[in-house]
Amino acid sequence: MILDAMSAVLLLLGALSCVLGGLGLVRLPDLPSRMQAATKPQTLGLLLILAGTALRVELESAVTLLLVGLFQVITAPVIAQLLGRSAYRGGSVSPELLVVDELAGKMPEERSS
């Protein structure tokens, strides 16, 4: 009974985090903000959903869910980094919105063309 309640709470929190991430993806004004909304709440939501699901399944399946969560935690920042760098190179990121522009010195010729 307690495991069922904990699983339900984790599943609901995960779903809420995913909904808030999707809402931020639609509502936030610029690309860097949207990338934050697309990665962090979605990863947290998925991890909560996986944890809630792991409480309901057998140990072998829970290990698989752990691997899925680990893969998500490893790949989401890499994908966000690649997407952000690609958007920067494509000129989709307004330099006035950036507090720190770490790529400006590394890609001056690409930025001016």
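**Pocket, salt bridge and surface of the predicted model**

The largest pocket has a volume of about 610 Å³. Its lining is made up of 21 residues, and those closest to the pocket centre are Met35, Gln36, Ala80, Gln81 and Gly84. Two elements, α2 (31–54) and α3 (59–90), each give two or more residues to this lining. Helix α3 supplies the largest share, with eight residues. By residue class, the lining of the largest pocket divides into eleven nonpolar, five polar and five charged residues. The structure described here is a predicted model, and the totals for linings use all residues.

Charged side chains were examined next. Side chains of opposite charge can pair when their charged atoms come close. One salt bridge is present in the structure. It is formed by Arg56 and Asp4, whose closest N and O atoms are 2.2 Å apart. Distant parts of the chain are linked by this pair: Arg56 belongs to the loop between α2 and α3, Asp4 belongs to helix α1 (residues 2–27), and the two are 52 residues apart. The partners fall into separate accessibility classes. Arg56 has a relative accessibility of 52% and therefore counts as exposed, the cut-off for that class being over 50%. Asp4, with a relative accessible area of 37%, is partly exposed, since this class covers values between the 20% limit for buried residues and the 50% limit for exposed ones.

A nonpolar patch on the surface is formed by Val9, Leu13, Leu16, Leu20 and Leu23. Together these residues have about 450 Å² of accessible area. Leu16 counts as partly exposed because its relative accessibility is 46%; patch members are required to have over 30% relative accessible area and no salt bridge.

Gly22 is placed in helix α1 and is partly exposed, at 28% relative accessibility. Between Gly22 and Gln72 there are 50 residues of sequence separation, and their C-alpha atoms are 17 Å apart. Thr64, found in helix α3, counts as partly exposed with a relative accessibility of 46%. Thr64 and Ala54 are ten residues apart in sequence, with a C-alpha to C-alpha distance of 9.1 Å. Gly91 is located in the loop between α3 and α4 (108–112). For Gly91 and Ala62, a sequence separation of 29 residues goes with a C-alpha to C-alpha distance of 43 Å.

Definitions and conventions
Residues are numbered from 1 along each chain as its sequence is written. This is a predicted model: local features need pLDDT of at least 70, side-chain atom pairs count only at pLDDT 80 or more; totals for chains, interfaces and linings use all residues. Side-chain values use heavy atoms; hydrogens and water are left out. On a 1 Å grid over the protein atoms alone, a cavity is a set of points where a 1.4 Å probe fits but cannot get out, and a pocket is an open set with protein on both sides within 12 Å along at least five of seven lines; lining residues have an atom within 4 Å of a point. Grid points are joined across faces, edges and corners, and a volume is the space filled by probe spheres set on the points. Helices (H or I, at least four residues) and strands (E, at least two) are DSSP runs, numbered from the N terminus. Ala, Val, Leu, Ile, Met, Phe, Trp, Tyr, Cys and Pro count as nonpolar, Asp, Glu, Lys and Arg as charged, and the others, Gly among them, as polar. A salt bridge is a side-chain nitrogen of Lys or Arg within 4 Å of a carboxyl oxygen of Asp or Glu. Buried means under 20% relative accessible area, exposed over 50%, partly exposed in between (1.4 Å probe, protein chains only). Patches are made of residues with over 30% relative accessible area and no salt bridge: like charges are joined within 9 Å, nonpolar side chains (Val, Leu, Ile, Met, Phe, Trp, Tyr) within 5 Å. Accessible areas come from the Shrake-Rupley method with a 1.4 Å probe; for residues, only the protein chains shown count as cover.
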